[in-house]
Amino acid sequence: MIICIGAGPGDIGYLPRRSAELLANADVVAGFNAVIDVVRPLIPATAEIVQMGYRDQVAQLDIVAAMHHAGKRCVVVFMGDIHFSGFQYLERVERACGHPVETMPGITSAQVLASRAKVCFDETSFITFHRRGDLTPFKRHLVHVLQDQRNAIVIPCPWDEARSFMPWHIAAYLLENGIDPELKTEVWENLTRNEAEWHGTLAECAEHRCSDMSIMLIRCKTPMASQIEPPPGVSA
Ligand SMILES: C[S@@+](CC[C@H](N)C(=O)[O-])C[C@H]1O[C@@H](n2cnc3c(N)ncnc32)[C@H](O)[C@@H]1O
């Protein structure tokens with residue numbers, strides 16, 4: 001058995017009970033170092049822990065896949081939710097195993113941000129730049145989302161100088177592409193742990209620096225009007 005689970009945004013209290021049960025019954029628990037640290041209190045002393053980083057993830061996942069094929073119960077732990085900015089890692093897990101694997105969702109940092117900032121998913125698009133490959137279609141999509149009067153929740157890319165696309169780069173890119181410099185923008189860091197929040201305009205965001213553990217909200221200029229029934233005594 002092998003299953004991929006989301007560890008949630010950082011505080012162990014956000015991990016679903018079903019995922020805690022999977023960890024409690026695991027023979028092997030694998031994941032990136034920082035994510036293993038989140039779930040460590042739930043890993044039984046008998047379980048083998050396979051930790052990895054960006055450079056050795058493929059080799060370490062091969063070890064996990066071999067243990068899975070040998071009949072061990074393996075749990076691979078992802079940051080937040082697997083389904084937002086986690087699919088490339090899932091692809092690596094499945095490639096190592098040679099077959100599709102089951103997933104168990106977790107709470108994503110995007111959900112916590114939506115909760116803190118009170119934004120409605122229906123009126124918001126989710127975009128990540130924290131992925132390998134060509135970012136151009138995702139950059140274009142972000143411009144379209146904002147032109148279309150939707151909010152955007154954005155995971156930046158913190159990698160090396162050449163590739164990094166952090167909130168200040170994202171803001172500068174959007175300004176170059178004609179997006180309104182006055183759009184309200186927020187950057188939230190370390191959600192559910194040592195949280196920090198920044199609020200300003202898109203233009204101000206181009207000057208704001210933040211850590212790698214940041215997620216960004218760009219609000220549309222005019223929030224959608226309420227579409228629920230009028231209050232009692234008010235005609236439509
Ligand atoms: C590879 S992505 C994984 C996102 C994850 N799958 C999720 O659902 O939140 C990692 C990036 O997500 C963002 N992130 C994850 N957890 C966060 C948190 N607790 N607070 C702020 N940003 C977070 C950071 O930008 C981090 O570099």
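How many bridges join β8 to β10, and in which sense do the two strands run? In this predicted model, 5 bridges link β8 and β10, and the strands run antiparallel. Local features are reported only at pLDDT of at least 70 and side-chain atom pairs only at pLDDT 80 or more, whereas totals for chains, interfaces and linings use all residues. Residue numbers start from 1 along each chain, following the sequence as written. Strands (E, at least two residues) and helices (H or I, at least four residues) are DSSP runs, numbered from the N terminus, and two strands count as paired if DSSP finds at least two bridges between them.

The protein chain is assigned domain 1 (2-104) and domain 2 (109-218), with bounds that come from an automatic or database domain assignment. Their centres, taken over C-alpha atoms, are 27 Å apart. Across the boundary, 8 residues of domain 1 are in contact with 13 residues of domain 2, contact meaning that C-beta atoms, placed from the backbone, lie within 7 Å. The side of domain 1 that touches domain 2 comprises 3 nonpolar, 4 polar and 1 charged residues. In this classification Ala, Val, Leu, Ile, Met, Phe, Trp, Tyr, Cys and Pro are nonpolar, Asp, Glu, Lys and Arg are charged, and the others, Gly among them, are polar. For comparison with the records, an unreviewed UniProt entry lists residues 1-204 as "domain: Tetrapyrrole methylase"; UniProt positions are given in the numbering used here, feature names are shortened, and annotations may be inferred rather than shown by experiment. That span is 36% helix and 22% strand, and its end C-alpha atoms lie 49 Å apart.

Strand β1 (residues 2-6) is joined to β5 by 3 parallel bridges, and C4 stands opposite T103 in β5.

β8 pairs with β9 (residues 196-201) in the antiparallel sense over 6 bridges. Within that pairing, E189 stands opposite A196 and W188 has E197 as its bridge partner. The two strands form a hairpin with 6 residues between them, and N190 in the turn has a positive phi of about 50 degrees. E189 also stands opposite S214 in β10.

Finally, the ligand is surrounded by 24 residues, the closest being P9, G80, T108, S109 and L191; a residue is near a molecule if its C-beta atom, placed from the backbone, lies within 6 Å of it. β8 (184-189) and β10 (214-218) are the elements that give two or more residues to this shell. By class, the shell has 11 nonpolar, 10 polar and 3 charged residues. Both domain 1 and domain 2 contribute residues, so the ligand lies between them.

Definitions and conventions: Two residues are in contact if their C-beta atoms, placed from the backbone, lie within 7 Å.
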